[in-house]
Amino acid sequence: MASATSFYDFKPLDKRGQEVPLADYKGKVVLVVNTASKCGFTPQYEGLEKIYKSIKDKYPDDFTILGFPCNQFGGQEPGTDDEIQNFCLVNYGVSFPIMQKIDVNGDKASDLYEWLKAEKPGLMGLKRIKWNFEKFLVGRDGTVKGRWASTTKPESLEKPILDELEKK
């Protein structure tokens with residue numbers, strides 16, 4: 001999908017393998033996170049859920065988080081899509097969408113992640129995802145507004161998300 005010009009050009013798969021046209025999120029602010037259930041950063045699900053609920057209270061139709069499970073970092077997401085969904089719900093009460101497991105780096109990397117990395121390279125221009133729970137903020141216009149490392153706590157992203165939401 002080299003011709004993609006915005007976030008809305010992609011159709012990743014949901015937990016059931018059904019295409020989700022990201023065009024459905026046009027005009028919304030979206031936080032995209034590659035996730036894992038057996039990682040030192042896994043407790044970030046709690047922070048993600050907290051900001052998701054807090055921001056959804058203020059902007060019920062304008063914000064979402066999309067979680068993309070990935071098993072490329074230390075084999076920390078070995079489960080099936082159903083096992084991942086169950087883990088997120090039971091352990092962290094996750095109510096934001098957790099998509100189908102994907103690769104974020106390498107030959108089989110999802111088109112969406114290839115685009116995100118090209119739009120907002122990391123430190124020193126590196127495009128690869130370094131670890132689980134890297135975060136990308138997509139603005140209402142479908143462009144990438146920010147990228148944060150795994151070590152960035154989700155709660156610290158509330159202000160940049162709210163700033164984006166306040167732009168009309």
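Is K159 buried or exposed? K159 is exposed, with a relative accessible area of 55%. The model is predicted, and the values reported here were computed from it.

Helix α4 spans residues 158-166 and holds both K159 and D163. The two residues are four apart, about one turn of the helix. A salt bridge joins them, with the closest N and O atoms 3.0 Å apart. D163 is partly exposed, at a relative accessible area of 34%. K159 falls in the exposed class because its 55% lies over the 50% cut-off.

The count of salt bridges comes to eight. Side chains of opposite charge can pair when their charged atoms come close. A further example lies in helix α1, where K53 and E49 are four residues apart and separated by about one helical turn. Their closest N and O atoms are 3.5 Å apart. K53 is partly exposed, with a relative accessibility of 46%. E49 is buried, at 5%.

The salt bridge between R140 and D62 has its closest N and O atoms 3.6 Å apart. This pair links distant parts of the chain, 78 residues apart. R140 lies in the loop between β3 and β4 (144-148). D62 lies in the loop between α1 and β2 (63-69). R140 counts as buried, because its relative accessibility of 16% is under the 20% cut-off.

Y45 lies in helix α1 (residues 44-58), and F133 in the loop between α3 and β3. The two residues are 88 apart in sequence, so the pair ties together separate parts of the chain. Y45 is buried, with 0% relative accessibility. F133 is buried too, with a relative accessible area of 0%.

The rings of Y113 and F136 also form an edge-to-face pair. Their centres are 6.0 Å apart, and their planes stand at 85°. This pair too links distant parts of the chain, as Y113 lies in helix α3 and F136 in strand β3, 23 residues apart. Y113 counts as buried, at 0% relative accessibility. F136 is likewise buried, with a relative accessible area of 0%.

Together with F87 and Y92, they form one aromatic cluster.

M124 is exposed, with a relative accessible area of 79%. L123, M124 and L126 make a nonpolar surface patch of about 400 Å².

Technical notes:
Residues are numbered from 1 along each chain as its sequence is written. This is a predicted model: local features need pLDDT of at least 70, side-chain atom pairs count only at pLDDT 80 or more; totals for chains, interfaces and linings use all residues. Side-chain values use heavy atoms; hydrogens and water are left out. Patches are made of residues with over 30% relative accessible area and no salt bridge: like charges are joined within 9 Å, nonpolar side chains (Val, Leu, Ile, Met, Phe, Trp, Tyr) within 5 Å. Accessible areas come from the Shrake-Rupley method with a 1.4 Å probe; for residues, only the protein chains shown count as cover. A salt bridge is a side-chain nitrogen of Lys or Arg within 4 Å of a carboxyl oxygen of Asp or Glu. Buried means under 20% relative accessible area, exposed over 50%, partly exposed in between (1.4 Å probe, protein chains only). Rings of Phe, Tyr and Trp (its six-membered ring) pair if their centres lie within 6.5 Å; planes under 30 degrees apart count as stacked, over 60 as edge-to-face and the rest as tilted.
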